[in-house]
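Subject: Structure handover and findings

Hi,

Here is the structure for you to pick up. My notes on it follow below.

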Amino acid sequence: NARDAAEDLGHNYIGSEHLLLGLLLTENSTAQVLLEEAGVNFEKAEEKLCALVERGEKASASTTQITPRAQRILQGAMYESAKGHRETGTEFILLSLLSDGDSLGQRILTLLGVDLSRLYKACREIIRESTEELSGEKQTRSKKKRRKAEKFRKIRTRSDGGGKKRKPRSSHRKRRRGSKG
């Protein structure tokens, strides 16, 4: 989505501002919902961006390069999500964008009247809640595995003749018997 936003604006790079537009284009995503609750929509953000940066000629996908700042934002999002999530959702990209110092993406949000600190806290809270949910699911799965293992031990013990341990036959005994006869 960020690449599409950059290309539509005729930009041959993907910066933090394009990441922001991409988050707003990702319908029903956590980041889009948070941004819209903060009063930001795609049209407003694109309008502010166009006031700050001129439109270019129509860029092609093959010439669009990601800026070092945008790369850092994406890496920060992946790092943060690796702390307990299987996927890097839009909320992690937004959190990283909000953490990255004075970027054009942040400037656009500020110009739109967004309290960056408040948005950061809301984003962090959603991530914390989803981490707790995932942690609860992992604990539940772990308990289920332990219960299955316990059932298996009980079944195995019953089929072993009441829990008596039997010595397994070794293969060398069979060979000796065969060689005697």
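First, a definition: buried means under 20% relative accessible area, exposed means over 50%, and partly exposed is in between, with a 1.4 Å probe and protein chains only. This is a predicted model, so local features need pLDDT of at least 70 and side-chain atom pairs count only at pLDDT 80 or more, while totals for chains, interfaces and linings use all residues. Residues are numbered from 1 along each chain as its sequence is written, and side-chain values use heavy atoms, with hydrogens and water left out.

Overall layout

The protein has nine helices and two strands. Both are DSSP runs numbered from the N terminus: helices are H or I with at least four residues, strands are E with at least two. Reading from the N terminus, the order is α-β-α-α-α-β-α-α-α-α-α. The chain has 181 residues, and 33% of them count as buried.

Contact means heavy atoms within 4.5 Å. Take the contacts between residues at least 6 apart in sequence: 67% of them join residues at least 24 apart.

The core

In soluble globular proteins, nonpolar side chains tend to be buried together. A nonpolar core here is a set of buried Ala, Val, Leu, Ile, Met, Phe, Trp, Tyr and Cys residues, joined through side-chain atoms within 4.5 Å. The largest one has 34 residues. Those with the most contacts inside it are L35, V40, L94, L109 and L119. Two or more residues come from each of α1 (2-8), α2 (16-25), α3 (30-37), α4 (42-52), α5 (68-81), α6 (90-99), α7 (104-111) and α8 (116-159). The largest share is six residues, from α6.

What does L35 touch, not counting residues up to four places away in sequence? The list is L20, L23, L24, V40, L94, L109 and L119.

Salt bridges

Side chains of opposite charge can pair when their charged atoms come close. The cut-off for a salt bridge is a side-chain nitrogen of Lys or Arg within 4 Å of a carboxyl oxygen of Asp or Glu. The structure holds seven.

E80 takes part in two of the pairs described here. K83 bridges to E80 with the closest N and O atoms 3.5 Å apart. R124 also bridges to E80, with the closest N and O atoms 2.8 Å apart. R124 lies in helix α8 and E80 in helix α5, so this pair ties together parts that are 44 residues apart in sequence.

R107 is partly exposed, with a relative accessible area of 38%. D102 is exposed, at 56%. Separately, salt bridges that share partners join R69, R72 and D100 into one network.

Cysteines

A disulfide is a covalent bond between the sulfur atoms of two cysteines. The test applied was a pair of cysteine sulfur atoms within 2.5 Å. The structure holds zero disulfides. C50 is partly exposed, with a relative accessible area of 27%. C123 is buried, at 0%.

Two single residues

Most residues other than glycine have a negative phi. N28 has a positive one, near 60°. Where is N28 placed? N28 is in the loop between α2 and α3. N28 is exposed, with a relative accessible area of 71%.

S81 is in helix α5. Is S81 buried or exposed? S81 counts as buried, at 3% relative accessibility. The side chain of S81 reaches the backbone oxygen of M78 at 3.1 Å. This is a polar contact: a pair of N or O atoms within 3.5 Å, where, within protein, one must be able to donate a hydrogen and the other to accept it, and residues adjacent in sequence count only if both atoms are side-chain atoms. Leaving aside neighbours within four places in sequence, S81 is in contact with E87, T88 and F92. S81 and I93 are twelve residues apart in sequence, and 9.3 Å apart in space from C-alpha to C-alpha.

Best regards
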